[in-house]
Every structure is written in C-alpha cells, then in structure tokens.
Amino acid sequence: MKHSLYIIGGLALAISMPSDLQAQTTQPKDTTMNRTVVVEQEYNPDIMDASKVNVLPKVEEPTVSKKEVEYATTFFPATSVPAGLMNPYTGKEVQPGSTPGYVRAGYGNLGNLDVLANYLFRLSDKDKLNVRFQMDGMDGKLTLPFTDGEKWNAFYYRTRANVDYTHQFNKLDLNIAGNFGLSNFNFKPGSVNSKQKFTSGDFHAGIHFIDETAPLRFNAETNLLMYERQHNMLNGNDANTAIKETIIRTKGDVTGAIGDQQSVTIALEMNNLLYSGYPKDVSTGDEYFKNYTTLLLNPYYELDNDDWKLHVGANVDLSFGFDKSFRVSPDITAQYIFSDSYVVYAKATGGKQLNDFRRLEQLCLYGDYYIPTTTGETVTLRPFDTYEQLNTAIGLKASPYTGIWFHLFGGYQNLKNDLMYGNLVLISTSTGPIGNTLAFSQENTNNVYVGSEFTYDYKDILSFALRYTYRNWHSKQNKYLLSIKPENEVSVSLFLHPISALRVNIGCDYIGCKQEAVSPLMSDVNDLHLGASYNVFKGVSVYAQVHNLLNKKYQYYIGYPAQGFNFLGGLSFRF
C-alpha cells in the first residue's frame with residue numbers, strides 16, 4: 001500500500017518509510033482550501049516569551065518615582081511556555097517587608113492548577129540561598145476548532161524546581177544555581193503523536209565583578225544545559241527513541257574604563273551543542289542531529305553621561321560543523337536625554353537566536369523538529385539558527401507630568417531563517433488521512449513596525465497602561481507561513497488599590513493575525529480578564545483570576561483550542 005505525504009498550507013515533506021510504503025511529496029492544487037492561520041505563541045503580555053520578536057531597544061529611562069518592592073507572583077518565568085493553555089495569575093501582591101518565604105496555591109475549572117513556593121535563606125550577611133518550586137497546568141475537555149463539536153481531553157502540566165546560591169566577596173559575587181523542568185502534555189485526536197514529555201535540567205556557575213568604579217572589570221560563567229524530548233517523529237513514539245541535547249555554554253566579558261564616563265568591553269560566548277540518544281534514523285542510519293559549536297564575539301564602546309548614552313559595537317557570529325559559518329550584525333544604540341524626562345533614541349542591532357530544543361518548545365509546544373522541503377529528500381533535522389540581520393528603530397519616551405509616560409517608536413527588522421510552523425497531514429492513497437502534526441519550517445522574513453505605549457501611575461492607588469503595535473510582515477517565498485505572525489497587538493490594563501487590603505486588576509489583550517490567502521481563517525484573540533487579591537490577615541491573602549470573560553473561541557496553535565471562560569482562585573502566604 002502506498003502512502004503520500006501532504007502539508008496543509010503548501011508545505012511538503014518526504015519521510016523515510018518502511019520498505020512496503022512509498023513516500024512522495026506533493027503540493028495541494030488549491031492552497032486556499034488548506035491553509036490555516038495561527039496566532040504564534042509570542043502573544044500574551046503576562047508571559048514574556050523568549051521567542052517574542054523584540055521590537056524595542058533596551059533604553060534606560062529616567063526614574064520618576066520610587067515604588068514598593070513587589071514579590072514575584074506570576075505563574076511563569078520569562079521563558080515560559082505555552083500561552084493559551086492556562087492563563088497565569090497576574091494580581092499584584094506587594095511585599096511590605098522583607099519576608100523570606102512565599103507560598104501560593106490555587107485551583108480552578110478545567111483542572112487549572114497553580115502551586116508556587118519560594119524561600120530565601122539568609123545564611124549570613126554574604127551568603128544567600130534561594131529555593132523555588134512551582135507547578136501549573138490544566139486538565140479538561142476542550143472543543144476542537146473546525147469540527148462539529150468534537151471534544152479533546154486536553155492536559156498539560158509543567159513543573160519547575162530551582163536552587164540558587166550567592167556568596168558576596170568584597171568585589172565579586174559567586175553564583176551557583178541548578179534548575180529542573182518537566183512538561184507533560186497530550187496531542188489532539190488524530191495526531192501522529194499521542195503524548196509527549198520534555199525533561200530539562202541545567203547547572204550554572206559564575207563570577208561577577210560588582211565594583212563599577214574599578215578600571216578593569218570582568219564576568220565569567222559556565223553552564224551545562226540538558227534537554228530530552230521523549231518521543232520524536234523520526235523514529236516513532238516508542239519510549240526508547242528519545243533525542244537528548246546537551247549544551248555547554250561558556251560566557252565572559254572584560255571591561256576597561258576610559259575615565260569616568262567611557263569604557264570598552266569585549267564579550268565572548270561559546271555554545272557546544274552535543275546530541276545523543278537517537279539522533280539518527282534507526283532504519284537508514286542517516287544522522288540528522290550533528291554536534292556543532294557556535295561562537296559569538298561582541299566588542300563594544302560605551303559612553304554614559306548626564307545627556308548621552310552611547311553603545312557602539314558589532315556582533316560577530318561563527319559556527320563550526322553546522323549552519324552558516326560567518327555572520328556579522330550591528331550592535332549600536334544611542335539615546336539622548338533632555339529636559340530631565342524626555343528621551344530620544346535610535347538603534348541598529350542584531351544577532352543569533354539559537355534554535356535549540358528549549359526555543360522549539362517556547363515557539364510551539366506541539367511542533368516537531370524538521371524542515372519541510374519539496375526536493376523529495378528526507379530532511380528531518382535540527383532547524384538552522386535564526387539570525388536577526390538587522391533590527392533598527394527610532395523612538396521617543398517622555399514624561400511631561402509626574403506619573404505619566406508615553407512612548408512612540410517605529411522600525412524595521414530582517415530575519416534570516418525565521419522559525420515558524422505549519423500543519424502537516426499524512427495521507428494514505430487508499431484509506432485517506434492517517435494522522436497529522438505541526439511541523440517547524442523556516443523562511444527569510446522582514447517587517448516594518450510602529451507602536452505606542454502610554455502609562456499612568458497615581459501613588460499606589462491606580463495604574464493604567466495602554467500598548468499598541470502594528471507589524472507589516474513580508475517574505476519572498478512561502479508567504480502562507482506569515483499567517484502565524486501577529487499584525488495588530490493591543491493590550492489594556494488597569495490596576496486599582498481602593499483600600500489597603502484589596503487589589504484589583506482589569507485587562508484586555510487583543511491580537512489580529514496576518515491575513516493571508518488561507519482557509520479556514522483563525523479568529524483573532526480577544527481575552528478580557530479580571531483579577532483580585534484581598535489581604536485577609538497579615539501575610540495571608542486570597543486571590544482569584546477570571547480569563548476570557550467573553551468566552552471567545554480562538555487558538556494559539558493550529559487546531560489546538562484555548563480555554564473559553566475560565567477561572568482560578570486560591571490562597572497565598574508570606575512568612
């Protein structure tokens with residue numbers, strides 16, 4: 001019996017099959033009937049994804065007023081995944097004192113779970129040990145899109161444990177840390193895969209020079225990062241076909257001061273990527289995951305005075321054993337401060353975005369790691385690293401009155417081997433569809449963007465923020481892949497503190513995706529949410545968060561529905 005492989009949206013992929021099967025590639029005749037729009041994971045302002053396209057330069061704005069220290073109360077760290085499966089609790093809980101312990105536990109409909117525990121051990125004046133554990137996820141039935149109400153018993157649970165130790169010398173900080181992560185989830189019905197498990201762990205050791213007045217300063221660190229994908233499409237879903245990725249990351253920089261306001265720095269980062277487990281096709285012996293090394297050299301000059309902040313340098317990226325061997329991009333940022341609270345800036349930056357297994361999970365939890373082509377070759381392999389050839393922008397930040405900030409910006413971004421994904425369907429010529437999955441793909445892209453931000457803070461009583469970004473994406477080939485790109489993003493948030501014990505947050509997040517000639521079109525994301533926390537006793541609070549109040553139907557990944565109306569509530573303790 002012969003089998004053919006089709007990719008929804010015009011992608012085509014050839015996969016090695018058993019000898020009694022024949023693999024071939026084909027392009028659908030009417031792509032408008034097959035293409036699908038998806039909102040990429042970068043959306044969700046509660047979660048700052050590593051995969052989020054960075055359209056703003058790092059600008060240090062003048063300080064308007066000091067605020068109270070806020071305890072970390074968000075569900076996910078900066079590189080968390082994924083958006084859409086469960087919304088994080090975002091209510092503010094201010095830490096009035098220096099209590100070292102924090103515990104939070106909550107539960108909601110559709111099995112929404114929130115557990116967080118953190119404790120800071122002050123072993124001495126110079127020794128601190130921080131221990132953290134968190135678990136979140138959901139388990140409930142969701143209605144699949146593009147079906148007649150078919151249900152999917154979805155589950156996703158994510159566990160993280162962290163230990164971080166710091167010893168302060170007179171002019172140095174010694175930092176040692178270890179992290180563990182586990183993600184368990186299932187695929188929708190009809191997928192080639194059934195269940196998946198990602199296991200990660202890393203060890204960090206570093207020395208950081210803290211004396212900013214010294215004429216010569218340095219920082220050095222080494223990291224061992226391990227990651228395992230339990231199942232892979234290359235060799236099926238058997239438990240013994242896991243692919244393991246190990247990264248040895250070494251970083252360091254040396255800074256020499258030129259007077260009080262100028263300095264020159266040379267920074268170096270080396271990544272050694274090693275693959276084990278089953279990096280080969282067990283039937284053909286073809287090797288798809290080869291060891292390789294990346295090297296980043298970043299020399300730059302800085303000027304910092306009362307009016308000007310200049311950063312002028314270059315990113316020189318080298319690769320050995322995989323990917324393009326030599327790339328160069330600018331690393332330039334300039335900002336001018338006038339009238340105490342007005343900032344104009346310009347930037348031109350770039351650099352390598354390492355598409356390791358961690359970034360694949362951040363971009364698309366359900367995606368598999370091969371690059372489709374139409375050559376008829378077996379091409380299952382690690383994606384090339386994305387390279388930001390140029391990200392240039394100009395902008396203005398201003399604070400005309402105390403508590404008010406606005407920000408206007410615009411720019412252009414060019415990405416080589418931009419990492420995206422599309423829907424892949426395996427079809428038998430005799431029996432029809434036999435399975436599907438999401439496949440990573442790459443294409444050169446560029447976009448012109450403009451945006452604005454407005455924030456207002458009144459003491460600790462009221463805080464308001466409005467943000468809007470528009471991006472016009474382009475690609476010379478495979479334009480249907482741009483369907484996962486956000487075109488219009490709007491975020492509105494309001495925080496109220498009417499009485500000392502009560503805090504309320506109200507917000508609405510909207511994203512309109514790139515409208516290409518694809519079908520069916522995915523609905524724009526529109527999440528109206530409300531949350532509150534109330535301090536019952538000293539150090540004891542109750543909290544609740546409700547998302548998707550309008551019960552909108554939308555997806556963050558092709559074919560994978562986000563929750564409708566959902567809530568979560570629980571207790572938090574400071575001690």
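Modeller: One term before the strands: two strands pair if DSSP finds at least two bridges between them. Keep in mind that this is a predicted model.

Biologist: Fine. How many bridges join strand 5 to strand 6?

Modeller: There are 13 bridges between strand 5 and strand 6, and the two run antiparallel. Strand 6 covers residues 172-186. The two strands form a hairpin, with three residues between them.

Biologist: Which residue in strand 6 does Val163 stand opposite?

Modeller: Val163 stands opposite Gly178.

Biologist: And strand 4 with strand 5, parallel or antiparallel?

Modeller: Antiparallel, over 17 bridges. Within that region, Met138 has Tyr156 of strand 5 as its bridge partner.

Biologist: On to the core. How many residues does the largest nonpolar core have?

Modeller: It has 38 residues. Tyr366, Tyr421, Leu438 and Tyr557 have the most contacts inside it.

Biologist: Which elements each supply at least two residues of this core?

Modeller: Among them are strand 4 (127-143), strand 5 (151-168), strand 8 (216-229), strand 9 (243-258) and strand 10 (262-277). Helix 1 (357-363), strand 17 (404-428) and strand 18 (432-458) each supply at least two as well.

Biologist: What lies apart from it?

Modeller: Another core, of five residues, lies apart from the largest one. Its members include Ile511, Tyr554, Tyr556 and Ala562.

Biologist: What does the Asn391 side chain make a polar contact with?

Modeller: With the side chain of Tyr449, at 2.7 Å.

Biologist: Now the charges. How many salt bridges does the count come to?

Modeller: The count comes to 12 salt bridges. One of them joins Asp211 and Lys171, whose closest N and O atoms are 3.7 Å apart. That pair links distant parts of the chain, 40 residues apart. Asp211 is in the loop between strand 7 (195-209) and strand 8, while Lys171 is in the loop between strand 5 and strand 6.

Biologist: Are those two buried or exposed?

Modeller: Asp211 is buried, with a relative accessible area of 17%. Lys171 is partly exposed, at 46%.

Biologist: What about Lys485 and Asp418?

Modeller: Their side chains meet in a salt bridge, 2.7 Å from N to O. Lys485 lies in the loop between strand 19 (462-474) and strand 20 (486-499) and Asp418 in strand 17, so the pair ties together parts that are 67 residues apart in sequence. Lys485 counts as buried at 2% relative accessibility, and Asp418 counts as buried at 3%.

Biologist: And which residue does Glu489 form a salt bridge with?

Modeller: Arg471, with the closest N and O atoms 2.4 Å apart. Glu489 is in strand 20 and Arg471 in strand 19, 18 residues apart. Glu489 is buried, and Arg471 is buried too.

Biologist: Last one. Which residues do salt bridges that share partners join into one network?

Modeller: Asp323, Lys352 and Asp385.

Methods: Residues numbered from 1 in each chain as written. Predicted model: local features only at pLDDT ≥ 70, side-chain atom pairs only at ≥ 80, totals over all residues. Heavy atoms only, no water. Core = buried A, V, L, I, M, F, W, Y, C linked by side-chain atoms within 4.5 Å. Buried < 20%, exposed > 50% of the residue type's maximum accessible area, 1.4 Å probe, protein only. Helix = DSSP H or I, 4+ residues; strand = E, 2+ residues; numbered from the N terminus. Polar contact = N/O pair within 3.5 Å; in protein donor to acceptor, adjacent residues only side chain to side chain. Salt bridge = Lys/Arg side-chain N within 4 Å of Asp/Glu carboxyl O.
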